[in-house]
Amino acid sequence: EAITSMLRQVHSIVRGILPRASAVKACATNLAVAKLSTSSESEIETAVSVSVDDDGVATMTLQRHSGKNALSFAMMRQFDDVVKSVQKDDTVRALVLKSDVPKIFCAGADLKERDGMSDNEVALLVDGLRRSFDAFANLPFPTIAAVE
């Protein structure tokens, strides 16, 4: 309820202060990437999704319930893909980052996955996270974290 209320306020602010795009389109992107397997199990998990409403407010949702939004390699790739997607979308005028996992925004790095990685894989993950977060921080519109 609090997040819904905050989203309404964001919409109101965006409508009032940002220039309206000439042709606002609604779109939704769900990116599914194979989650790295820690044993013999392999599953597909959508960990990051985005939707853009008619006012140009993008809502990026972290939704890796199985890992409490811990940042795995697959989740990092999805996060990066979503950031690139909204960066190219000229209808986006603001972005709200939120979690779909109750009472958890992000648990940090996925240490269980990281434990099974080589030093090179860990370096790739850390570098990827750094680049993704830098790209997110440099988006050309306001970004808001909706933390429960």
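Biologist: What should I know about the numbering and the model?

Modeller: Residues are numbered from 1 along each chain as its sequence is written, and side-chain values use heavy atoms, with hydrogens and water left out. The model is predicted: local features need pLDDT of at least 70, side-chain atom pairs count only at pLDDT 80 or more, and totals for chains, interfaces and linings use all residues.

Biologist: What span should helix 4 have?

Modeller: Helices (H or I, at least four residues) and strands (E, at least two) are DSSP runs, numbered from the N terminus. The expected span of a helix is 1.5 Å times one less than its number of residues. Helix 4 covers residues 119-137, 19 residues, and should span 27 Å. Its end C-alpha atoms are 27 Å apart, which agrees.

Biologist: Which residues of helix 4 are buried?

Modeller: Buried means under 20% relative accessible area, exposed over 50%, partly exposed in between (1.4 Å probe, protein chains only). In helix 4, Val122, Leu125, Gly128, Leu129, Ser132 and Phe136 are buried. Seen down the helix axis, they fall within an arc of 130 degrees (taken from the directions from the axis to the C-beta atoms), so they line one face of helix 4. The face turned away carries exposed Asp119, Asn120, Leu124 and Ala137.

Biologist: What covers the buried residues of helix 4?

Modeller: The cover includes helix 2 (73-88), helix 3 (111-115) and strands 5 (57-62), 6 (94-99) and 7 (143-146).

Biologist: Where is serine 99 found, and what does its side chain reach?

Modeller: Serine 99 is found in strand 6. It is buried, at 13% relative accessible area. Its side chain reaches the backbone nitrogen of valine 101 at 3.0 Å and the backbone oxygen of isoleucine 104 at 2.5 Å.

Biologist: How many aromatic pairs does the structure hold?

Modeller: A pair of aromatic rings is described by the distance of the centres and the angle of the planes. Rings of Phe, Tyr and Trp (its six-membered ring) pair if their centres lie within 6.5 Å; planes under 30 degrees apart count as stacked, over 60 as edge-to-face and the rest as tilted. The structure holds 2 pairs. Phenylalanine 79 and phenylalanine 133 are edge-to-face, 5.4 Å centre to centre, with 80 degrees between the planes. Phenylalanine 79 lies in helix 2 and phenylalanine 133 in helix 4, 54 residues apart. Phenylalanine 79 and phenylalanine 136 have ring centres 5.6 Å apart and planes at 45 degrees, so that pair is tilted.

Biologist: Which residues form the aromatic cluster?

Modeller: Phe79, Phe133 and Phe136 form one cluster. Phenylalanine 79 is buried at 6%, while phenylalanine 133 is partly exposed at 36%.

Conventions: Contact means heavy atoms within 4.5 Å. A polar contact is a pair of N or O atoms within 3.5 Å; within protein, one must be able to donate a hydrogen and the other to accept it, and residues adjacent in sequence count only if both atoms are side-chain atoms.
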